[in-house]
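Q: Hi! I'd like to go through this one with you, a bit at a time. Ready when you are.

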Amino acid sequence: MYDFKGQTVIVTGGTRGIGKGIAESFLKAGARVIVTYTSNEAAAAQFKQDNSQFAENIDIQKLDVTNYEEVERFFKYIDTKYGGFEVLVNNAGIRKDSVLAMMKESDWHDVMNVNLAGIFYMCKFAVMSLMGKRYGRIINISSVMERYGFEGQANYAASKAGLVALTKSLSKEVATRGITVNCVSPGFIATELIEDLPDKLRETYLARIPLKRFGSTEEVAACVLFLASKEASYVTGSTLEVSGGL
């Protein structure tokens, strides 16, 4: 449906789960895709193998989004090698669930650093690169937890709510430069995170979904591609929920 030939797309956390589905959809749409990962070498190698038919359009980079200097070097690499990029998808994120009273201080800070500070760093250097083009698309992957705040996820929910607020503010700052900034907010998506849940908990989550099924990574990716397209030029500061009606 969408043609991204000639465009360079960055997808953080793009070798597994939702990120992988997003990256693969951009590859199928003709884009050059720079995929980042933090530490899972096996998943990075598997991504490359699974998408060998797009080998010439794949660039896999190890990146810690919580390291300011590392993020700065990453964008210098992109600008030098490819002359910049058009689309950034901030998908990298973590969960460390625990009821708040028992939550480790480190678990709070780790989730905030990856899910919020890391996206601040990525957006900061992305905007600096995109300003000269007077065109760009930034899509931040949030979660319906920012709205529901399930028990045991105070850190995760707070980080995702903060991400929505960041998105709204940034969208206003860069609008006159032709850069749009939006969120995609998935609900329960069929990835390894869902597959690893106990059967009883899976059934509980499934019962909450009006469509009575988990979503697919392809369904999330379709929304990301829309917001990344030139056709979405009048959509900015918004959050598109992909949750089956939650």
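Q: Let's start with one side chain: is F188 buried or exposed?
A: F188 counts as buried, because its relative accessibility is 11%. Buried means under 20% relative accessible area, exposed means over 50%, and partly exposed is in between, with a 1.4 Å probe and protein chains only. Bear in mind that this is a predicted model, where local features need pLDDT of at least 70, side-chain atom pairs count only at pLDDT 80 or more, and totals for chains, interfaces and linings use all residues. Residues are numbered from 1 along each chain as its sequence is written, and side-chain values use heavy atoms, with hydrogens and water left out.

Q: Thanks. Where is F188 found?
A: In the loop between strand 6 (179-186) and helix 7 (192-195). Helices (H or I, at least four residues) and strands (E, at least two) are DSSP runs, numbered from the N terminus.

Q: And what is F188 in contact with, leaving aside its neighbours within four places in sequence?
A: F150, I194, Y205, I209, F214, G215 and L246. Contact here means heavy atoms within 4.5 Å.

Q: Zooming out, how many helices and strands does the protein have?
A: Nine helices and seven strands.

Q: What about the radius of gyration?
A: The protein has 17 Å, which agrees with the value near 18 Å that a compact globule of 246 residues would have. The radius is taken over C-alpha atoms, and the globule rule is 2.2 Å times the number of residues to the power 0.38. Along the principal axes, the C-alpha trace spans about 50 × 35 × 35 Å.

Q: How much of the protein counts as buried?
A: 50% of the 246 residues. The accessible surface comes to about 11,800 Å², and 52% of that belongs to carbon and sulfur atoms. Those areas come from the Shrake-Rupley method with a 1.4 Å probe; for residues, only the protein chains shown count as cover.

Q: What share of the contacts join residues at least 24 apart?
A: 74%, counting contacts between residues at least 6 apart in sequence.

Q: Switching to charges, how many positive and negative side chains are there?
A: There are 28 positive and 28 negative ones, and the centres of the two sets lie 4 Å apart. Lys and Arg count as positive and Asp and Glu as negative, while His and the chain ends are not counted. The place of a charge is taken as NZ of Lys, CZ of Arg, CG of Asp or CD of Glu.

Q: How many salt bridges does the structure hold?
A: Ten. A salt bridge is a side-chain nitrogen of Lys or Arg within 4 Å of a carboxyl oxygen of Asp or Glu.

Q: Which residue does R147 pair with?
A: R147 forms a salt bridge with E241, and the closest N and O atoms are 2.8 Å apart. That pair links distant parts of the chain, with R147 in helix 5 (residues 145-148) and E241 in strand 7 (residues 239-242), 94 residues apart. R147 counts as partly exposed at 47% relative accessibility, and so does E241 at 29%.

Q: Now backbone angles. What is the phi of R134?
A: R134 has a positive phi of about 55°, although it is not a glycine. R134 lies in the loop between helix 4 (105-130) and strand 5 (136-141), and counts as partly exposed because its relative accessibility is 49%.

Q: And what about K212?
A: K212 is not a glycine either, and its phi is positive at about 60°. The loop between helix 8 (199-208) and helix 9 (217-228) holds K212, which counts as exposed at 52% relative accessibility.

Q: Last one: where is V164 found?
A: In helix 6 (residues 154-174). V164 is buried, with a relative accessible area of 11%. Beyond its neighbours within four places in sequence, V164 is in contact with S142, E146, C183 and T239. The C-alpha atoms of V164 and G237 are separated by 8.5 Å, although these residues are 73 apart along the chain.
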